[in-house]
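This report covers aromatic side chains and their surroundings. Please look at the structure below first.

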Amino acid sequence: MSERGSRRGRSLLLGLLLALALGATWRVVRFALGFPLWGDEAFLAASFFDRGPAELAQPLEHGMVAPYAYLLATWVVTRILGLSEWALRLVPLLAGLAGLGLYARFARSALGRHQALVALALLAVSYYPVRHACEMKPYAVDLAVSGALLLLAWRVRRAPSRGRWIALGAALLLAPWFSYPSVFTGGG
C-alpha cells in the first residue's frame, strides 16, 4: 500500500472513531441531563413500583407494552439503583451505546470505507436514535438487537458455517424477548 493510501486509511479510521465518540458522547450527555419522565415513560415506569419479575409478564399498567427481557433488565437495575430517572433509563442508554458500536462494525464489514463513515456519522448524530437511547422505552434496545442480527446475518452470508448458522438461529429465537420488531429484521 502506498504512503498516500495508508494515510487515507488512517484518516478514515480516525473519522469512524470520531463519529463513534461523538455519538457516544451525545448520548451520555443527554442521559446525564436527567430530563423528567414524559407521559409514556411515566406510564411504563408505573409498572416497576410494586411488581416483581413474575408480575412483569402480566399486562402492564396503562396499556403499555414492552418485551419481557427489557422489563426484567430494567427491574434489576431499579432494584439495585432505585427508581430514579437515571436508573429507569440506564438499560436504554447501554443499548443505545451498544447499537452504535454494532452498527459501526456492520458498516465497516458490509460497506466501503467512505460509505461506512457516512452511515455511522448519520446514526451518531441522528436525533431519534440519540433521544431513544435516553428514554425509558425499549426503542434503543430495538436498534441494538437489529444491529446484532444484521451483523450475524452478514457474517453468515460472507462465510457460511454451521457455527454461524447456529448462532444466527439462536439469536433469532432470543431476539423477540428483547425486541418485538426484531421479527421483522429476522424475517428480512
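Tyrosine 128 is partly exposed, since its relative accessibility is 49%; buried means under 20% relative accessible area, exposed over 50%, and partly exposed in between (1.4 Å probe, protein chains only). This is a predicted model, in which local features need pLDDT of at least 70, side-chain atom pairs count only at pLDDT 80 or more, and totals for chains, interfaces and linings use all residues. Residues are numbered from 1 along each chain as its sequence is written, and side-chain values use heavy atoms, with hydrogens and water left out.

Tyrosine 128 lies in helix H6; helices are DSSP runs of H or I of at least four residues, numbered from the N terminus. Tyrosine 127 is also partly exposed, at 41% relative accessibility.

The structure holds two aromatic pairs. Rings of Phe, Tyr and Trp (its six-membered ring) pair if their centres lie within 6.5 Å; planes under 30 degrees apart count as stacked, over 60 as edge-to-face and the rest as tilted.

| Pair | Centre to centre | Angle between planes | Class |
|---|---|---|---|
| Phenylalanine 106 and tryptophan 154 | 6.3 Å | 90 degrees | edge-to-face |
| Tyrosine 127 and tyrosine 128 | 5.0 Å | 75 degrees | edge-to-face |

Phenylalanine 106 and tryptophan 154 are both buried. Phenylalanine 106 belongs to helix H4 (residues 85-110) and tryptophan 154 to helix H7 (residues 139-158), so their pair ties together parts 48 residues apart in sequence.

Arginine 131 has its charged end over the ring of tryptophan 38, 5.8 Å from the ring centre; the criterion is NZ of Lys or CZ of Arg within 6 Å of the ring centre and within 35 degrees of the ring normal.

Note on methods: Helices (H or I, at least four residues) and strands (E, at least two) are DSSP runs, numbered from the N terminus.
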